[in-house]
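This report walks through a structure for a reader who has not seen it before. Please keep the sequence and the 3D view at hand while reading.

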Amino acid sequence: MKQLLLPALLAALLAGCGSTPTSETGGAPVEGRTPGGVTTVTAPEVSGSGLPAELTDPKSVLSKRSVYFDYDKYDVKNEFKDVVAAHAKFLVNNRQFKMLIQGNTDERGSHEYNLSLGQKRADAVKKSLLLLGAKEEQIESVSLGKEKPKAEGHDEAAWTENRRADMLYKGPTGSGEF
Amino acid sequence: MRPLIRPFLALVALAASCLAQAQLSIEITGAGANRIPVAIADFGGEAGTSRALTSVIRADLERSGLFRLVDTTGAALTETSPVDYGDWRGKGADALAAGNLTATADGRLEARFRLYDINKQAALAGAAYVTSASQLRAAGHRIADVIYEKLTGEKGIFSTRIAYVVKQRGRYELQIADVDGHNAQAALVSKEPIISPTWSPDGSRIAYVSFENKKPIIFVHSLATGRRQVVANFKGSNSAPAWSPDGRKLAVVLTKDGNSQIYTINADGSGLQRLAVSSGIDTEPRYSSDGGSIFFTSDRGGSPQVYRMSANGGDVQRLTFEGSYNVTPRPSPDGKTLAFITRREGRFQLAVMDLASRQVQILTDSHKDESPTFSPNGRMILIATEIGGRGVLSAVSSDGRIKQRLSVAAGDVREPAWGPFSQ
């Protein structure tokens, strides 16, 4: 309200406006932005698989691609050591194959801090694979944070499902899951 | 790697469909304690357009929570009419705006108005805007901005825009809308998540993190042309972009060397520099408006807390100590206040810290607050929160009194970013 107490100077300035009001903004065209000022872009999609059956056959251990983590934990649990070892063996025997590990978190907390936590899970899986002979050039670990929940619920069951790292493959021809 | 920079086609049909469904609606849920009584007389001129213009001005002022609209029924005034100060004082008005809208010779519209101080019996401001029928709302916002500034002493934000992400049926849209929720337009449509949008200081570009390539990559997107540039796509995750106040570079978070760490990079993707080295996670960087320091989240002390360092990476200082989860620091435009998210008894709530006294105040009673963003005048903080299981945006004044809720009819709204003053 304090501006209402401004000196009469301002009022005097404006009183002389007459039929042609002037001020610091007088006569300015309102064209700072046009209604069509935003161009819509559609993001490209990654698709296609074409991976060998041993990676996708449900009977193969290599079709198991997920490693689950406890709440606020970032180490690979014993029950997942066999799955990780099988994938390490595949990467050792198939040096032309590449893997993307995506770490995930449950929905609680900030987008970006969860992204960093998911990275720790992906890094833990990557480290295990490297210790078992996979090569650095074969593996990229990244995080999806809390952005791609596998279970959409808001309870402990959903959170458990979402504290996870997934392993994706890409074959020598460049086709695959990422 | 596939070429990420390539021409993209504007999908007009998609944009049109999003316009129909994604209109933000705003509900006022709290107002300021001492609202200024202001009378906005119906603008003179052609009835339909004049009424539309007047209602934009009234809605802006009312939504701000700082004004109470005085009934002007029966008052026929234009910017040249003599003002009966005694009459308006009797109606309880402290200020009066009157104006008219006329067609110009070249088919455009001219909106003229005057603002009067009823108690001082004097004109406070006056302006004329040349506009068009399609830009009538913009003219109304400009007029509301002038009235707001003259009566409160701070700049109005009615001509600003906000960005946010709508998740709807498995699709993500980065939308840009006027701050009153009108003119929502999609800048990016994707099947994969989009997070952390942030406006360039001049309002022409938005930096964000897109997962369209199965990993987080930082883009800078020019709104008018739709041109997108990959700014950071290093091995690992690329996230949390923050513009330097001069718009020349971004602070970013990369995992190419291990844990999440803060780097700076030029807005064209050149000149990568590591800013700081820590043993834990450093993320969510945000420049102070003077560019001298960077606020960020780090778990170097065992739990995520807010820190500040100088913009060249030195002189690190911890700012939050209460509780085991304090994240997403956002300094106010005047540098005096810090907004952040704190976890108290399992609830994530918006808090502000007075940086001089370090006193913390919790501003909301919600449980899932995220991603605070200040209005450019520092008066309001926009957050994402959850009400009835749906993602909505909520605007809270920095004293916690004024509250507004912004939602879309179907879908979740999240990741708000308040744009700069329009130029």
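Leaving aside residues up to four places away in sequence, B:P329 touches B:E284, B:R286, B:F295, B:F296, B:T297, B:V306, B:L338, B:A339 and B:F340, where a contact means heavy atoms within 4.5 Å. This is a predicted model, in which local features need pLDDT of at least 70 and side-chain atom pairs count only at pLDDT 80 or more, while totals for chains, interfaces and linings use all residues; side-chain values use heavy atoms, with hydrogens and water left out. Residues are numbered from 1 along each chain as its sequence is written, and chains are lettered from A and ligands numbered from 1 in the order in which they are written.

B:P329 lies in strand β23 of chain B, helices (H or I, at least four residues) and strands (E, at least two) being DSSP runs numbered from the N terminus. With a relative accessibility of 0%, B:P329 counts as buried; buried means under 20% relative accessible area, exposed over 50%, and partly exposed in between, with a 1.4 Å probe and protein chains only. From C-alpha to C-alpha, B:P329 and B:A93 are 40 Å apart in space, and they are 236 residues apart in sequence.

B:S196, in strand β11 of chain B, is likewise buried, at a relative accessible area of 13%. Beyond four places in sequence, B:S196 touches A:E112 of the other chain as well as B:A207, B:Y208, B:V209, B:P241 and B:E415. B:S196 and B:A417 are 221 residues apart in sequence, yet their C-alpha atoms are 8.2 Å apart.

**The largest pocket**

The largest pocket has a volume of about 850 Å³. On a 1 Å grid over the protein atoms alone, a pocket is an open set of points where a 1.4 Å probe fits, with protein on both sides within 12 Å along at least five of seven lines, and lining residues have an atom within 4 Å of a point. Of the 38 lining residues, those closest to the centre are B:T198, B:W199, B:R286, B:T373 and B:W418. Helix α4 (111-131) of chain A and several strands of chain B, among them β11 (194-199) and β23 (326-331), each supply at least two residues of this lining.

Most residues other than glycine have a negative phi.

**Chain A and its confidence**

Chain A has five helices and six strands, which run α-β-β-α-β-α-β-α-β-α-β from the N terminus on. Of its 178 residues, 49% count as buried, and residues 24 or more positions apart account for 72% of the contacts in chain A with a separation of 6 or more.

The average pLDDT of chain A, the predictor's confidence in each residue on a scale from 0 to 100, is 83, and 78% of the residues score at least 70. Over residues 1-28 of chain A, however, the pLDDT is below 50, although this stretch has 52 contacts in the model beyond near neighbours in sequence. Residues 31-36 of chain A also stay under 50, with 12 contacts beyond four places in sequence. Where pLDDT is low, the predicted coordinates should not be read in detail.

How values were computed
Grid points are joined across faces, edges and corners, and a volume is the space filled by probe spheres set on the points.
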